[in-house]
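Please look over the sequence and the structure before reading on.

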Number of protein chains: 2
Amino acid sequence: MLSLVDLRTRLSAGDLSPEGAIRLAQEAIAAREPEVGALVCRHDAPLVATRGPLAGIAVGVKDIIDTADLPTQMGSTIYAGWRPRADAAIVSRLRALGAVPLAKMTTCAFASVDPTATRNPHNLARTPGGSSAGSAAAVAAGMVPLALGTQTGGSVIRPAAFCGVAAIKPSFRLLPMVGIKTFSWALDTLGLFGAGIRDVAGALALLADRPGIDLPEESPTGMRIGLVLQDFAGEADPEAVEALQAARRAAEALGAVVTDLGLPEAIAEAWRCHPIVQDYEARQALAWEYAAHRDALTPLLRAQLDAAQGLTAEGYDAARRQAHQARRMLKDVFSEHDALLTFSAPGYAPAGLASTGSPRFNRLWTLMGVPCVNVPVPGPGLPLGVQVIARFGDDGRALAVAAMIERGLRAGVGSVS
Amino acid sequence: MLSLVDLRTRLSAGDLSPEGAIRLAQEAIAAREPEVGALVCRHDAPLVATRGPLAGIAVGVKDIIDTADLPTQMGSTIYAGWRPRADAAIVSRLRALGAVPLAKMTTCAFASVDPTATRNPHNLARTPGGSSAGSAAAVAAGMVPLALGTQTGGSVIRPAAFCGVAAIKPSFRLLPMVGIKTFSWALDTLGLFGAGIRDVAGALALLADRPGIDLPEESPTGMRIGLVLQDFAGEADPEAVEALQAARRAAEALGAVVTDLGLPEAIAEAWRCHPIVQDYEARQALAWEYAAHRDALTPLLRAQLDAAQGLTAEGYDAARRQAHQARRMLKDVFSEHDALLTFSAPGYAPAGLASTGSPRFNRLWTLMGVPCVNVPVPGPGLPLGVQVIARFGDDGRALAVAAMIERGLRAGVGSVS
């Protein structure tokens, strides 16, 4: 993979020019894209800024994020060839930092669940997950050092786990959503994919203009970590359970105190409410597409919106109240824990391309608005990941704990047998 | 003015056809538009639905709200001739109810403060206010029975007061913002203009699919109303003070208990924080326009964005914390008051077209996210209005109290001398 931090080091040392760094990405795309299929479109001869902290960094942009200089097609024939007028706010921010938004990445239609044709770089017969399929796959295949995704249920953390890359779904609205196609305004969250935790930490600190988010010099000590199984969401597969235990051992080996933690029933109930909030808003957000182009919608999304027509304002209000109550209770949980550790996905990436896998271990945290980080778990088989979660607004803490676990796992202190 | 409720009554009685109702709007536009200048563009031969609760209702749509069948130009040359792909969610909702989005209405560029060329229908030498200039003016001139505006500071309630029409800025996110150009995602709120309170109440109940918002059969009794001068925002002009006293007398004559209420300092401090939240987000929301088209920005907005470049994440976080604290304190205020009554604007619409007037009596309530209703105050001079405010989510209460005060004022029980 292309590490953003490594590239920046070589760039500042003068060992690599911004053009040269972009060329690395272009060469990797030329080599891997034919089999992976992560890109929708790209610049062949991009303008490369020579200044800025992200000069020379090629970025993959999920194709529901507006770009003024490349089409934005939402993974849907309804937007075939569509050219927005403006860049999304996050794309403008990337450019201001010197980065090159090089390519648009495949997405499930409107960031929902109908699979793309993108393949998992670690096993071409498997899904990379979704909905940010191309963004996760392209980073995993070493095509770009940074990619933008969005998560409404589990569309960042899940594909990151399936593809073996680091990712963060930051605190709700830490990164601006302006110019990104809405599915659910209470849930949609912009996220980042990178080779390792320090890569996404550095990128997030720059994009959010909050240097405090970047990793500290020293690993945090004495972390109190709650291990959460989310049994309300069903059981995970054995390989995911083993990965979670490996992460636990890695954290403990580095001095963390890890305790088993059951979540209050009100929080489990909020998990059940997530689809109501999501689909009641999606019905409004995609009202034009549904009214004017229902036949052109992908089948799973069409069925989802058909069912959503029956949702009521009362049901939506009750779901939001439940979420509000759960957020307050989660604050109490975080008064006794620095971070939570849980599954990123139920197990390996599903075989075939018929499903993007289940977001069931992700959606609660999206509804809570808290920062979530996927830590890849090294092992002999397909990629696996674990999820580190911190309190709302404490993205730096989530990343620091994730980096500690990543370090432990890489050193083999908790390695999967 | 065209009353939405009156039109619906005539339509259901069969005294008027949907086509006939739309023709009334078209005839009024032909008569008044040349001198008022409220429209950006319109349909000359619109498709008129024959079914739906809003069949026959012509709607004016602020020109930052996307329409698939008419240009959306944001009041800016940067978007000259721009055609969005989709309707905004609220426009889809209007169509689903049978309404006819007939015309796009003038707006200050990007819903900020640079004046439009629109004139106040009550005095062509004065501003109609802004930023929802065309929407307020068109309803006041009787061109349309319903118009959509948005408010980030005071862009719905202020022009409604200046133009002598009823309006509601509902609870934050009661109406969907999808497909509306963002200025500040924490503040931007979709609102409605109509001839009277019952017109905007009926429209909001339908658009939000919440029948409980519509006016009750019986006027509420024993209302506890807090009269708020917002002295932290400066003094109002004598005519506005007189209008507020008239509204107080009207409410008292109908059995309300009106008490003078000073707001806690933390709430006044939140008022001071509003511009920080707004401008920190506007800098991001309009980053593409600022980076790629700074010279084409209108001068006041350009200066505002220039200044906003100096804002910091720390300042923004502190402002949001202050707003959060104020929202909690405001809950306590509403445990002892059913509604608040205050100024809608500092006084009459300013003379000339160089300024859209001040939002200083509006911006606190936008930041608080609470429903605000402008009640026109009848009198011998230019239009004036007062503002009725209820707790978050209690839009029906705000409208019911507003309707009571409107009734008292119309009956002359508290009339302006």
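## Burial and the inter-chain salt bridge

A residue is called buried when its relative accessible area is under 20%, exposed when that area is over 50%, and partly exposed in between. The structure discussed here is a predicted model. By this cut-off Asp317(B) is buried, and Arg210(A) is buried as well.

The side chains of these two residues, Asp317(B) and Arg210(A), form a salt bridge with an N to O distance of 2.5 Å. Across the interface of chain B and chain A, two salt bridges are found. The search over all chains of the structure gives 34 salt bridges. Asp317(B) belongs to helix α11 of chain B, while Arg210(A) sits in the loop between α6 (197–207) and β7 (224–227) of chain A, so this pair joins two chains.

## The contact between chain B and chain A

The size of an interface is often given as the accessible area lost when the parts come together. Here the area buried between chain B and chain A is about 2,600 Å², and carbon and sulfur atoms give 55% of it. Chain B puts 31 residues into the contact, and chain A puts in 31 residues.

Six residue pairs are in polar contact between chain B and chain A, counting pairs with both residues at pLDDT 80 or more. On the side of chain B that touches chain A, at least two residues come from each of α3 (89–96), α8 (265–285), α9 (287–293) and α11 (313–336). That side of chain B has 17 nonpolar, four polar and ten charged residues.

## Salt bridges within each chain

In chain A, the side chains of Asp338(A) and Arg224(A) meet in a salt bridge of 3.2 Å, N to O. Asp338(A) lies in the loop between α11 (313–336) and β9 (339–343) and Arg224(A) in strand β7, so the pair ties together parts of chain A that are 114 residues apart in sequence. Asp338(A) counts as buried because its relative accessibility is 11%, whereas Arg224(A), at 36%, counts as partly exposed.

In chain B, Arg224(B) and Asp338(B) meet in a salt bridge, also given as 3.2 Å, N to O. Arg224(B) is partly exposed, with a relative accessible area of 36%; Asp338(B) is buried, at 10%. Elsewhere, salt bridges that share partners join Asp69(A), Asp87(A) and Arg95(A) into one network.

## Cysteines

How many disulfides does the structure hold over all chains? The count is zero. For Cys108(A), the nearest cysteine sulfur is that of Cys163(A), 12 Å away. Cys108(A) is buried, at 0% relative accessibility. For Cys108(B), the nearest cysteine sulfur belongs to Cys163(B) and is 12 Å away. Cys108(B) is buried, with a relative accessible area of 1%.

Definitions and conventions:
Residues are numbered from 1 along each chain as its sequence is written. Chains are lettered from A and ligands numbered from 1 in the order in which they are written. This is a predicted model: local features need pLDDT of at least 70, side-chain atom pairs count only at pLDDT 80 or more; totals for chains, interfaces and linings use all residues. Side-chain values use heavy atoms; hydrogens and water are left out. Contact means heavy atoms within 4.5 Å. Buried area is the accessible area (1.4 Å probe) that two parts lose on being put together, summed over both. A salt bridge is a side-chain nitrogen of Lys or Arg within 4 Å of a carboxyl oxygen of Asp or Glu. A polar contact is a pair of N or O atoms within 3.5 Å; within protein, one must be able to donate a hydrogen and the other to accept it, and residues adjacent in sequence count only if both atoms are side-chain atoms. Helices (H or I, at least four residues) and strands (E, at least two) are DSSP runs, numbered from the N terminus. Ala, Val, Leu, Ile, Met, Phe, Trp, Tyr, Cys and Pro count as nonpolar, Asp, Glu, Lys and Arg as charged, and the others, Gly among them, as polar. A disulfide is a pair of cysteine sulfur atoms within 2.5 Å. Buried means under 20% relative accessible area, exposed over 50%, partly exposed in between (1.4 Å probe, protein chains only).
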